[in-house]
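The sequence and the structure are shown first.

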Amino acid sequence: MANHLPIESIMRSGEPIHCSPETPLREAARRMSEHACSSIVIMDQGKAVGIWTEHDALLVNFADPDSM
């Protein structure tokens with residue numbers, strides 16, 4: 001049954017992609033696309049301070065500079 005699987009059985013291996021809080025949204029989205037993953041960990045002074053997901057990216061209109 002799928003609900004008994006440990007998260008490690010489906011997680012992406014290797015170091016997660018990350019960026020700083022100052023990283024432009026376009027750059028974060030580019031990194032996610034380049035690595036074919038749906039989230040990026042936000043790191044500040046060596047600590048994870050957040051996560052930005054593909055769902056979050058869908059809320060941004062990248063074609064409209066005023067929306068950022």
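## Pocket, surface and salt bridges

The largest pocket has a volume of about 150 Å³. The model is a predicted one: local features require pLDDT of at least 70, side-chain atom pairs are counted only at pLDDT 80 or more, and totals for chains, interfaces and linings use all residues. Residues are numbered from 1 along each chain as its sequence is written, and side-chain values use heavy atoms, with hydrogens and water left out.

A pocket is defined on a 1 Å grid over the protein atoms alone, as an open set of points where a 1.4 Å probe fits, with protein on both sides within 12 Å along at least five of seven lines; its lining residues have an atom within 4 Å of a point. The volume is the space filled by probe spheres set on the points, which are joined across faces, edges and corners. The lining of the largest pocket consists of R12, S13, G14, E15, P16 and I17, together with C37, S38, S39, I40 and V41. By class, this lining comprises five nonpolar, four polar and two charged residues. In this classification Ala, Val, Leu, Ile, Met, Phe, Trp, Tyr, Cys and Pro are nonpolar, Asp, Glu, Lys and Arg are charged, and the others, Gly among them, are polar.

One member, I7, is located in the segment before β1 (18–19); strands are DSSP runs of E with at least two residues, and helices are runs of H or I with at least four. I7 is exposed at a relative accessible area of 62%, where exposed means over 50%, buried under 20%, and partly exposed in between.

Two residues other than glycine have a positive phi. For A36, phi is near 50°; this residue lies in the loop between α1 (25–34) and β2 (39–44) and is exposed at 68% relative accessibility. For Q45, phi is about 55°; its place is the loop between β2 and β3 (47–53), and Q45 is likewise exposed, at 77% relative accessibility.

How many salt bridges does a search of the whole structure find? The search finds three, a salt bridge being a side-chain nitrogen of Lys or Arg within 4 Å of a carboxyl oxygen of Asp or Glu.

| Salt bridge | Closest N and O atoms |
|---|---|
| E27 and R30 | 2.6 Å |
| R31 and E27 | 2.9 Å |
| R30 and E34 | 2.6 Å |

Together, E27, R30, R31 and E34 are linked in a network. Within helix α1, E27 and R30 are three residues apart, about one turn of the helix. R31 and E27 are separated by about one helical turn because they are four residues apart in α1. R30 and E34, also in α1, are four residues apart, again about one turn.

E27 is partly exposed at 23% relative accessible area, R31 is partly exposed at 24%, and R30 is partly exposed at 38%. E34, by contrast, is exposed, with a relative accessible area of 53%.

How values were computed: Buried < 20%, exposed > 50% of the residue type's maximum accessible area, 1.4 Å probe, protein only.
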